[in-house]
Amino acid sequence: MALLEIKNLKKYYDTPGGKLHAVDNVTISIEKGKTLGVVGESGCGKSTLGKTLIRMEEATSGEIYFDGTDVTKMSLRAFKQMRTRMQMIFQDPYASLDPRMSVSALIAEPIKTYRLAKDKKAMEQKVFELMDTVGLARRLANVYPHELDGGRRQRIGIARALALNPEFIVCDEPVSALDVSIQAQILNLLMDLQRDKGLTYIFITHDMSVVKHISDAICVMYLGQVVEFCETKELFTNTMHPYSKALLSAIPVPSLNKKKERILLKGEITSPINPAKCCRFAKRCPHATELCRTSEPELVETSVKGHYVKCFRAEELTGEAQK
C-alpha cells in the first residue's frame, strides 16, 4: 500500500532568465514502511523535491497524496496537524540546530509547539525517552550543539524529527557531513527505527553505496526529472539509463586486482532555465541520436515490471550490452 503518491509534481523558480525547473513532472510512489532512495548529482533537484513534499516549499503544480489526502490542496491551518505525520532530517546537523539552545531544549521544542506534554515533568520524561531512542546519553541534556561531534548533533536532529511520532520522514543527505564510521552508526539507527516504528523514508543522497544499503527502491534524478525508477536490486543488476550507469560506475571497488571501467561524462550540461523539449541528458550522453536532441522521452515502464526509464534507447542499449 502506497503511503505517499506524487503525481506530475513541479516546482519552478522565477529567475531573470526565465523559469528554473528545479522539479519537473515527477511521478513516483512510496510504500508504507519502505525506503525510497533519491540519487543524482548536486543540483538535480533532490532536496527541493524533499522540501516540496512536506511543504517547506510550495509546489508550482501537481498532486502529493499522503495517506489518500492531497496535501497541496490543504490550508496551512489544516496542514499544521498533518505536519506531525511528516518530518525532515536535515543535511547539516549544526546549521539546522539553534546554537543558543541546549540538547534538551532543542528536542523539547516541537513537543512544546504542539503541546504534547501536560506538564514539565512529562516533558522531561519525553525528552529523555527520545534521547534514549536515538542513543544520546542523558548527561548531555544540558550541553550545547557546539560542544558535540557531528554524529551526536545528527542524533539530536533525528530525535527532533521523532518527537511528534511521524509516519513519514524525509532524510536529506543525513550522513554526507559525517565521518565514514559515524555514517554507519546513523544509517543503522535509521534502519532500526524504521523496523521498530514502521517508518517510511525518502532518503536523499549522492552516494550510491549508501543508497544501496538502506533503500528498498531507488529513483535517479537528473536536472529535475526522474530518469529511472525501480527496486534497488533491479537497478544494480539491470541498470538501463546511461546516466544511472555513469553513477554506478563511480562506486569504488575495494580490491587491488579487480578493475572497473569508469564512465566519464563529457559535454555541456543543459540549462534548467526554460529547458527545450528534448532529452536533458542528450548533450552528455554517448548514445544520443537526433531523436533524443529534438524530442523528450516519457518515463515509461520497460519490459521488466516495475522498472521505469526515461530514455528512447534504454532497452535497446541494455540488450546490446547483454550480448
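A: Happy to, starting with overall size: a compact globule of 323 residues would have a radius of gyration near 20 Å, and the protein chain agrees with that at 21 Å. That radius is taken over C-alpha atoms, and the globule rule is 2.2 Å times the number of residues to the power 0.38. Please keep in mind that this is a predicted model, where local features need pLDDT of at least 70 and side-chain atom pairs count only at pLDDT 80 or more, while totals for chains, interfaces and linings use all residues. Residues are numbered from 1 along each chain as its sequence is written, and side-chain values use heavy atoms, with hydrogens and water left out.

Along the principal axes, the C-alpha atoms fill a box of roughly 70 × 55 × 40 Å. The secondary structure comprises eleven helices and twelve strands, which are DSSP runs numbered from the N terminus (helices H or I, at least four residues; strands E, at least two). Of the 323 residues, 49% count as buried, where buried means under 20% relative accessible area, exposed over 50% and partly exposed in between (1.4 Å probe, protein chains only).

Now to the rings. The whole structure holds five aromatic pairs. Rings of Phe, Tyr and Trp (its six-membered ring) pair if their centres lie within 6.5 Å; planes under 30 degrees apart count as stacked, over 60 as edge-to-face and the rest as tilted. One of the pairs is Phe 229 with Tyr 308: the ring centres are 6.2 Å apart and the planes meet at 25 degrees, so this pair is stacked. Because Phe 229 sits in strand E10 (residues 225–231) and Tyr 308 in strand E12 (residues 308–309), the contact ties together parts that are 79 residues apart in sequence. Phe 229 is buried at 12% relative accessible area, whereas Tyr 308 counts as partly exposed at 29%.

Tyr 243 and Phe 281 form an edge-to-face pair, with 5.5 Å from centre to centre and 65 degrees between the planes. This pair, too, links distant parts of the chain: Tyr 243 belongs to helix H9 (residues 242–249), and Phe 281 to the loop between H9 and helix H10 (290–294), 38 residues apart. Tyr 243 is buried, with a relative accessible area of 0%, and Phe 281 is buried with 2%. Tyr 243 and Phe 281 also belong to a cluster, linked by ring pairs, that includes Tyr 222.
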